[in-house]
Amino acid sequence: MKKLLVIVFFLAFALGMNAQRANGDVGIGIQAGSPSGLSLQFYKAAGPSYDFIAAWDLDDFFYVNGHALFQPHIGNSERLHFIYGPGVFVGLRDRGNDLDDEVDIGISGTAGLSLIIEKFEVYGRITPRLNLLQSTSVDIGGGVGIRYYF
């Protein structure tokens, strides 16, 4: 995955592609990290976009994280953006064996970089999380991902 990101960044700058993501576009893709899962973004050129990550395994776990995402340009580039914004998350785990299910609810934030190449976005982010329900705890997630906009 790391080699793929290096190649994508190199090609974007070497070929001088133009950004073509437009206001109202929807981006769908994948993220690898914590969590790893499906990524969805409702893009708005002005104001926050809305960004969601959903992760699960088919047996006992489901997690969703949503953020209001601000994406200012870095310098004069229309392709390179700093991304940041506040969010919330919910995690559900079926512990089985007559144990109570585990529910985690909390607040999060995210910050990172994104690169737009035609209708694709490649991004990396860190996501600090504060768990408020079931127990109070702090952890840091994040990942790298790619989305296609239509």
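Two strands pair if DSSP finds at least two bridges between them. Helices (H or I, at least four residues) and strands (E, at least two) are DSSP runs, numbered from the N terminus. With these terms, strand β2 (residues 37-42) and β3 pair in the antiparallel sense over five bridges. Leu-38 has Ala-54 in β3 as its bridge partner.

This is a predicted model: local features need pLDDT of at least 70, side-chain atom pairs count only at pLDDT 80 or more, and totals for chains, interfaces and linings use all residues. Residues are numbered from 1 along each chain as its sequence is written, and side-chain values use heavy atoms, with hydrogens and water left out.

## Overall build

The protein has one helix and eight strands. Read from the N terminus, the order of elements is α-β-β-β-β-β-β-β-β. The eight strands close into a barrel in the order β1-β2-β3-β4-β5-β6-β7-β8, with antiparallel pairing. From one strand to the next, the twist averages 25°. That angle runs between N-to-C directions, from 0 to 180 degrees; axes are lines fitted to C-alpha atoms, for helices over the stretch in contact.

Strands of a sheet pair through backbone hydrogen bonds, either parallel or antiparallel. Here, strand β4 (residues 61-69) pairs with strand β5 (residues 80-93) in the antiparallel sense over seven bridges. In that pairing, Gly-66 stands opposite Val-88 in β5. β5 also pairs with strand β6 (residues 102-117), again antiparallel, over 14 bridges. Gly-85 stands opposite Thr-110 in β6.

Contact means heavy atoms within 4.5 Å. Among contacts with a separation of 6 or more, 47% join residues 24 or more positions apart.

## Surface and burial

Accessible areas come from the Shrake-Rupley method with a 1.4 Å probe; for residues, only the protein chains shown count as cover. The accessible surface of the protein comes to about 8500 Å². Carbon and sulfur atoms hold 66% of that surface.

Buried means under 20% relative accessible area, exposed over 50%, and partly exposed in between (1.4 Å probe, protein chains only). Of the 150 residues, 38% count as buried.

The surface also carries a nonpolar patch. Patches are made of residues with over 30% relative accessible area and no salt bridge: like charges are joined within 9 Å, nonpolar side chains (Val, Leu, Ile, Met, Phe, Trp, Tyr) within 5 Å. The members are Ile-30, Leu-38, Trp-56, Leu-58, Phe-62, Val-90, Leu-92, Ile-105 and Leu-133, with about 840 Å² of accessible area together. Val-90 is found in strand β5. This residue counts as partly exposed because its relative accessibility is 31%.

## Salt bridges

Side chains of opposite charge can pair when their charged atoms come close. A salt bridge is a side-chain nitrogen of Lys or Arg within 4 Å of a carboxyl oxygen of Asp or Glu. The structure holds six salt bridges. The table lists some of them.

| Pair | Closest N to O distance |
|---|---|
| Arg-21 and Glu-121 | 3.9 Å |
| Arg-125 and Asp-51 | 2.7 Å |

Take the pair Arg-21 and Glu-121, with a salt bridge at 3.9 Å. Arg-21 lies in the loop between α1 (2-15) and β1 (26-34) and Glu-121 in strand β7 (residues 120-133), so the pair ties together parts that are 100 residues apart in sequence. Arg-21 counts as buried, at 12% relative accessibility. Glu-121 is buried too, at 0%.

Next comes the salt bridge of Arg-125 with Asp-51. It links distant parts of the chain: Arg-125 is in strand β7 and Asp-51 in strand β3 (residues 49-57), 74 residues apart. Arg-125 and Asp-51 are buried.

Asp-139 counts as partly exposed at 37% relative accessibility, whereas Arg-129 counts as buried at 8%.

Some of these residues join up further. Arg-21, Asp-51, Glu-121, Arg-125 and Arg-147 are linked in a network of salt bridges.

## A look at Ile-146

Ile-146 sits in strand β8 (residues 137-149). At 30% relative accessibility, Ile-146 counts as partly exposed. Leaving aside neighbours within four places in sequence, Ile-146 is in contact with Gly-29, Ile-30, Phe-120, Glu-121, Val-122 and Tyr-123. Ile-146 and Ile-116 are 30 residues apart in sequence and 9.8 Å apart in space, C-alpha to C-alpha.
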